[in-house]
Amino acid sequence: MSDIDPAPLEPPLEELLRPPFGEEAAQRFFTCLPDFRTLAPFFDFVVLRVVARDHRSVFWGDRMLTLDKHAGFMRDPAFAGAWEQVRGAHPYDQYDTEQSIAWRLHTLVWAACQAMTLATGDFVECGVFQGDMSFVVFHAAGLAGCGRRMLLFDSFDGLGPALVVEGEYASMPGYIEMANSYYQRPGLYESVLARFAPYPEVSVHRGYLPGALSSETPEAIAWLHIDLNSTNAEISTLEVLFERVVPGGLIILDDYGWAGNAMQKSAEDAFFAKLGYRVLELPTGQGLVVKRP
């Protein structure tokens with residue numbers, strides 16, 4: 001151990017971090033952490049090393065932090081096995097966390113397990129991307145050999161310009177270009193086809209929604225996941241599919257609770273309010289509706 005004392009912080013750490021966190025303290029941090037390239041790893045360090053020291057458990061992923069929660073689904077063998085096969089396949093945000101969208105997937109799997117208890121109804125996902133979410137649901141909820149179909153719909157060609165509302169992404173400049181750099185990836189459709197080829201319960205359908213819905217679309221739906229990143233597309237799809245959701249069936253709206261998708265939330269609130277429903281906003285950013293008997 002060195003006989004030389006470390007140089008004291010100027011000002012001392014306890015002074016810098018003393019509530020109510022004045023402007024001087026904030027500016028010192030902002031000077032050291034000018035943008036996300038420096039802020040994100042700093043925040044990861046604070047959460048995963050500093051905060052974790054004094055808590056029984058920490059979940060940090062998908063821009064969601066929970067302290068001292070069980071998060072027991074992470075230790076469920078079926079979920080953990082499926083999650084391990086997709087973990088890290090896509091950078092969902094700028095933070096470095098292995099847990100990523102696991103809690104969002106847990107919501108989908110939980111809903112799928114509830115749907116499996118219903119007497120009838122197939123599984124429909126609208127907005128598939130590379131199939132990570134549907135892959136985890138299929139395996140963790142045990143759809144193989146269950147007698148239910150799982151239909152996956154996506155344009156596989158990015159966000160449809162005709163369906164984008166003016167100003168919809170005003171709070172997220174460059175969002176469409178960024179999203180389409182992933183959603184228009186060459187070979188995306190073929191890779192999803194190949195991924196689900198071994199599973200006869202799953203079919204993959206290409207085209208913009210709701211136009212891509214066809215005679216193959218189930219008349220009875222027990223689980224409906226909508227992740228189209230577009231207000232018009234989501235409302236138009238709900239207008240077609242909601243009546244097909246069976247009593248007790250579950251509808252999960254992926255973008256409902258995200259601040260950057262306020263226009264979608266407003267439109268979906270209005271859609272469901274007309275039907276006498278109120279969407280449950282989840283801390284994962286999702287919205288949940290259960291069809292009444």
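The model is predicted: local features need pLDDT of at least 70, side-chain atom pairs count only at pLDDT 80 or more, and totals for chains, interfaces and linings use all residues. Residues are numbered from 1 along each chain as its sequence is written, and side-chain values use heavy atoms, with hydrogens and water left out. The protein has 10 helices and 9 strands, and 45% of its 293 residues are buried.

**Overall build**

- Helices (H or I, at least four residues) and strands (E, at least two) are DSSP runs numbered from the N terminus.
- Taken along the principal axes, the box filled by the C-alpha atoms is roughly 80 × 45 × 40 Å.
- Buried means under 20% relative accessible area, exposed means over 50%, and partly exposed lies in between (1.4 Å probe, protein chains only).
- Of the contacts (heavy atoms within 4.5 Å) between residues at least 6 apart in sequence, 74% join residues at least 24 apart.
- The accessible surface, by the Shrake-Rupley method with a 1.4 Å probe and, for residues, only the protein chains shown as cover, is about 15,500 Å². Carbon and sulfur atoms account for 57% of that surface.

**Charge and salt bridges**

- There are 22 positive and 38 negative side chains, where Lys and Arg count as positive, Asp and Glu as negative, and His and the chain ends are not counted.
- The centres of the two sets lie 5 Å apart, each charge being placed at NZ of Lys, CZ of Arg, CG of Asp or CD of Glu.
- A salt bridge is a side-chain nitrogen of Lys or Arg within 4 Å of a carboxyl oxygen of Asp or Glu; by this rule the count is 10.
- Arg37 pairs with Asp35, with 2.8 Å between the closest N and O atoms. Arg37 is exposed because its relative accessible area is 71%, whereas Asp35, at 26%, counts as partly exposed.
- Asp54 and Arg53 form another salt bridge, their closest N and O atoms 3.0 Å apart; both residues are exposed.
- Asp132 bridges to Arg195 at 2.7 Å between the closest N and O atoms. This pair links distant parts of the chain, with Asp132 in helix α6 and Arg195 in helix α8 (residues 188-196), 63 residues apart.
- Asp132 has 5% relative accessibility and therefore counts as buried, while Arg195, at 24%, counts as partly exposed.

**Arg148**

- Arg148 sits in the loop between α6 (132-140) and β4 (150-154).
- Arg148 is buried but has no salt bridge, and the nearest side chain of opposite charge, Asp122, is 6.0 Å away.
- Polar contacts are pairs of N or O atoms within 3.5 Å; within protein, one atom must be able to donate a hydrogen and the other to accept it, and residues adjacent in sequence count only if both atoms are side-chain atoms.
- A polar atom of the Arg148 side chain lies 3.3 Å from the backbone oxygen of Met116, and the Arg148 side chain reaches the backbone oxygen of Thr120 at 3.4 Å.
- Not counting residues up to four places away in sequence, the residues that Arg148 touches include Phe123, Glu201 and Ala222.

**Thr66**

- Thr66 belongs to strand β2 (residues 64-67).
- Thr66 counts as buried because its relative accessibility is 14%.
- Leaving aside neighbours within four places in sequence, Thr66 contacts Ser57, Val58, Phe59 and Trp103.
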